[in-house]
Amino acid sequence: MVGNKINWKITTLLILGGLFIILPLYLTITIAFKTPQEMSGNLFALPESWSIQNFLDAIEMTNFFQALGNSVFVTVITVVLVLLTHSLVAYAIARNMHKKFYKFLYFYFISAMFIPFPIIMLPLVKQTAMWGMDNIIGLAILNAVMQLAFNVFIYVGFVKTIPKELEEAAIIDGASTWQVFWKIIFPLMKPMHATVAILTALAAWNDFMLPLVILSDSSQYTLPLVQYAFQGQFSTDYNLAFASYLMAMLPMILIYIFAQKWIIGGVMRGSIK
Amino acid sequence: MVNKKRTFMIMVIPAFLLFFTFHTYPVIQGIFYSFTDYKGYGTWDFVGLSNYLNVFQDGRALGAYGFTFQFAIVSTVLVNIISLLIAIGLNANIKFRKTLRATYFLPYILSVLIVGYIFKFMFTHLLPEIGQLLNIEFLSSNILGSPDLAWIGIVIVAVWQSTAFNTLLYLAGLSTIDQQVYEAADIDGAGPWAKFWKITFPLVAPFFTINMVVAMKNFLMAFDQIVALTGGGPGQATESISLLIYRGGFQGGEFAYQSANAVIYFIVIVAISIIQLRVLERREVK
C-alpha cells in the first residue's frame, strides 16, 4: 500500500503465526521417527536416528497398502463420475432454465446443500446394506450424489458465461446435442473441471462419516477409517500411531507441495462463484 | 427440435433418479419414521408427535444442542476474525507471500479426523508438560479430560483447520478491492483503523456473509474432530448433535427417535442460515 516497501512487521507476524500451523506437523513427523524411549525426553527434539521401523510396523499392522488402494479407488472413481455426469447435468439445466421443469430441477438439487447428512444417514444405511452397496463402489456413487448440489451450482454458473453462438454454429454444421456437449462445451469447462476435481478429490479422500456408516467389510476401509479402527490397538504407542497418520496424510501433502498454486487457484475460483 | 428436447431429458433423468433414490427418498423415509416407534429392525407403530415432544424433554439431546451451539458460535466468530486478519496480512506488501499463503492453506487439505488425533496427543502430553514447566494452572492438566474445558480443545482444532479455507475466501474478496480507493484515503489523511472500517470491511462484506453462514453450518454439523478428540466425553459434555444421532440411531436402537431429532436439527440449521443471511445482508446494504 505504501509504495513498494516490504512490510517487515506484518511479514514477521505472519511467519510467527505460520509456526502455529507447522508445529503439529513437525511433531507428527518427528514422533513418527522416534522410539518410545525418546518420548520421555524433550518432545520438540529431533529424533536420534531416522529409523523407518515405525513405518514398517504401521504398514504391516494396519495393512496400509490395502487402505491406500481403497482410498485411491474411491477418490478416482468419485472424481471421474462427478466430472462426467455433473457437468452434463449442469449443461442441460443451464441451457433450459427458461423451462419450468429444468428450473425446478435446479432448485431441487441445490436445496440439498441445506440438508444435514444425519437426517438421511439412518435410512440411507439401511437401504445401501439391503441393496449390496455397502462397499467402496457404493461409496463412490454416494459421494457423487452428495456432491451433486454444490457442483451443479458452480457448473451452471460457469455454463451461463459460455456464449450460445458457439453451439449454434456447430448445430448448423450438423452436430447433435451430444456432440456439441462433448466436443465444444466439455473442453471449454476445463477451468471449472479443475476446481470441481480438486474439491471433490479432497472431500472424498478425507471423508470419514460416510465411509464409517456405509462400509461394512474392514478390508474395504479407507485411510481415515483405518486410523479410527486402529485407535484401540495404537493405544499409547504414539510412534506407531503417528507413523500411520503421517502415511495417511502424505499422498495429499505431496500433491499439495507440487500443485499448491494450482490447488489454491482452483479452490479460489470455486469460492468466488 | 423434438430430438434436442429428448436429448436434454436423457441428460438429466438418470441423475434425477439417482439423486431421488439416494437423497430425497431417505429424507422422506427419515421424516416418515420420525412419527413411528421404529427401532431400525422389527415391527413399528405410529406414535404421532411423541418423538418430537420427547426430544425437547431429553436432557442428553438438549445438552447436545447446547454444546453444539456454544461450540459453533464461538468457533464461527473466532475463525472469521482470525482469517480476516491473516488475509489482510497476506494481502499486504510482504516477503515470502506465496510460501506463507501455502502454509496457511495447508490445514484445508488434511483429514479432520487425523488432525484431531494429532491435537489430542498435544492436549494430552505436550500442553500439560508446558503448563507444569511454566506453572500455568489450567494448562497443567489435560483440558480434554475436564467437562468444563474440553469444548475449548475442540474449538482450537476447528479454528486451526477452518481458518485455512476462510482466509482464502477473504483473500479472494480483498483482491476485488481497487488499490486507488486506498490511495484516495491516504490523501484524505485516513489512518489504518479508519481505512479498515470505512473501506476494507464494507467492501469484503459479501464474503463476510458467506463465510459466517458456511462456517456456522459446518460447525453445527461437527462430527469428525469430536470423535477424534473426546468421543463426546468426558461423560456427554462434548457430544454434538451429529454424534448423538449417529450413536443413538446405530447403537442405541433409537432409529425413529433420532430421526425426529434429525428433522428438528435440519429445521434449526435452515432457520439459522436464513436468519444469518437476512441480518448480514441488511448490514451489507448500509
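Start in chain A of this predicted model, at the contact between its two domains: eight residues of domain 1 of chain A are in contact with seven residues of domain 2 of chain A. On the domain 1 side, five of the touching residues are nonpolar, two are polar and one is charged. To colour the domains, select residues 1-51 of chain A for domain 1 and 65-272 for domain 2. Their C-alpha centres lie 33 Å apart.

Next, show both chains and select the contact between chain A and chain B. Chain A contributes 62 residues to this contact and chain B contributes 65 residues. On the chain A side, helix α13 (residues 238-272) supplies the largest share, twelve residues. By class, the chain A side has 47 nonpolar residues, 14 polar ones and one charged.

Now pick Tyr245(A). Which residues is Tyr245(A) in contact with, leaving aside its neighbours within four places in sequence? From chain A there are Thr28(A) and Gln227(A), and from chain B there are Ile114(B), Tyr117(B) and Ile118(B).

Return to the domain colouring of chain A to finish: the core draws at least three residues from domain 1 (1-51) and at least three from domain 2 (65-272).

Notes. Residues are numbered from 1 along each chain as its sequence is written. Chains are lettered from A and ligands numbered from 1 in the order in which they are written. This is a predicted model: local features need pLDDT of at least 70, side-chain atom pairs count only at pLDDT 80 or more; totals for chains, interfaces and linings use all residues. Helices (H or I, at least four residues) and strands (E, at least two) are DSSP runs, numbered from the N terminus. Ala, Val, Leu, Ile, Met, Phe, Trp, Tyr, Cys and Pro count as nonpolar, Asp, Glu, Lys and Arg as charged, and the others, Gly among them, as polar. Domain bounds come from an automatic or database domain assignment.
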